[in-house]
Amino acid sequence: MSQQSTKSKRIALLPQIGVLTLTRIAMNTSFRMVYPLLPIFTTELGVDVATFSILLTVLQLLGLTAPVFGQLSEREGRRFTMLFGVVTYTAGMLLVFVSPNFVGFASALIVASLGKIAFDPALQAYVGDRVPYERRGFYLGLLEVGWAGAYFIGVPIVSWLLATASWQAPFIALASVTGILLIVLFFMLDHDKPLERKQISFWRGLRMAINSPMAIAGLALGAGISGANQLVSVVFGLWIADSFGIQLTALAIASTVIGISELSGEGIVTILSDRFGKRRMIILSILGNIVVCLLLPFANITLTIALIGLFCFYLTFEIALVATIPLASELNPDARGMYLTIFVSAVTLGRTIATPLSTTIYDFGLLANTIGAIGFNLIALIAVWRFIRVQ
């Protein structure tokens, strides 16, 4: 294939990237809104925070089901799996009208979560199939704006709907948006169903996806990065409250700082990772996160210094994770769809292990959490440094 033809295909992909990023913003909003708006939802639905925490744990564990959708992606194509994910998500959002209570709320998020789990890795595989690895950091970095964008665009709109209408209003709005985007994507996405269906069993598909030390190292990399982040993410609000008193303004500012750091990290990966090298960027950002972990417990001198520390922590994490996505898309090109869903499960596993651990060791102070985070980071660092050769 000529260089001009490849460039033309990438240019043709850009409008799809735009619509797909909007889709990710909408789909991510329903999950990002829960944390900052938790007090409103608990009041409106008449349930306590402990009940909500069970739901949030279930949503997190659902990520372990991702490989099931990986097999679907390999057999029926990325387009089919993405459309299936959007349909499932939209249907989930509408469940709050079938059962307008906490059961409906929980059911909506659980079903929508399954749709998102199907959609995201298939989308990454779709781009990986069409964009040379040397440019994949740019395209996948653009798509990751859908995560920070949900925070800056989706959550404020949802907050306004909650204030002016009802707790169900965000769900009907998100269902409407994704329903429209579904129609656009149906006509816009390339047909990519395999000419011959791959009639392989689920377990054989798993073995094919993790058939090399490098592929396994990619899973350790994702689990290590996410576990390190989770050890601090769960308790940073407690740390701020313990250090400076319970100030809603301080917590709101901290959330904004985290959102800005996420957007900055996604921008850095999008602009620089292809030229600088994904592997090199991951190694440097993990090392940077380790340095921040050493300093962060001593940053509670003033709120400003503490916020700067949090910004650096989340910036280095976001760069590492977002740069890992295009890297992971090349660790097993022959089973890309399945591998990326297993990668999602590895990231979920890292968070799942770290979540209960984070509150337990926080009894010894934030330093215990950051030392634990360094341990997770070292697992990720060894994996990428020693076993991964894709640049």
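Here is a walk through this structure, from its helices to its charged pairs, its cysteines and a patch on its surface. Keep in mind that this is a predicted model, where local features need pLDDT of at least 70, side-chain atom pairs count only at pLDDT 80 or more, and totals for chains, interfaces and linings use all residues. Residues are numbered from 1 along each chain as its sequence is written, and side-chain values use heavy atoms, with hydrogens and water left out.

Let's start with helix α11, which covers residues 213–233. Helices here are DSSP runs of H or I with at least four residues (strands are E runs of at least two), numbered from the N terminus. The expected span of a helix is 1.5 Å times one less than its number of residues. For the 21 residues of α11 that gives 30 Å, and its end C-alpha atoms are 30 Å apart, so the two agree. Now for its surroundings: buried means under 20% relative accessible area, exposed means over 50%, and partly exposed is in between (1.4 Å probe, protein chains only). In α11, 17 of the 21 residues are buried, so the helix is largely enclosed by the rest of the structure.

Next, hop over to helix α1, residues 3–32, and look for Met-27. Met-27 counts as buried because its relative accessibility is 1%. What does Met-27 touch, leaving out residues up to four places away in sequence? Its partners are Gly-85, Val-86, Tyr-89, Gly-115, Lys-116, Phe-119 and Thr-178, where contact means heavy atoms within 4.5 Å. Take Val-86: it sits 59 residues from Met-27 in sequence, yet their C-alpha atoms are 8.3 Å apart.

A salt bridge is a side-chain nitrogen of Lys or Arg within 4 Å of a carboxyl oxygen of Asp or Glu, and the whole structure has 13 of them. In one, Arg-24 pairs with Asp-120, with the closest N and O atoms 3.3 Å apart. This pair ties together distant parts of the chain, since Arg-24 is in α1 while Asp-120 is in helix α7 (residues 102–130), 96 residues apart. Both Arg-24 and Asp-120 are buried.

Asp-129 makes a salt bridge with Arg-78, at 2.8 Å between the closest N and O atoms. Asp-129 is partly exposed because its relative accessibility is 37%, whereas Arg-78, at 8%, is buried. Both belong to a salt-bridge network that also takes in Glu-74, Arg-136, Glu-330 and Arg-336.

How many disulfides are there? The search finds 0, a disulfide being a pair of cysteine sulfur atoms within 2.5 Å. The sulfur of Cys-293 is 12 Å from the closest cysteine sulfur, in Cys-312, which is too far for a bond. Cys-293 is buried, with 1% relative accessibility, while Cys-312 is partly exposed at 31%.

Ile-271, Leu-272, Phe-276, Leu-284, Leu-287 and Trp-385 make a nonpolar surface patch of about 570 Å². Patches are built from residues with over 30% relative accessible area and no salt bridge, joining like charges within 9 Å and nonpolar side chains (Val, Leu, Ile, Met, Phe, Trp, Tyr) within 5 Å. Helix α13 gives the largest share, 3 residues. Ile-271 lies in α13 and, at 54% relative accessibility, counts as exposed.

Notes: Areas by Shrake-Rupley, 256 points an atom, 1.4 Å probe, with all protein chains shown as cover.
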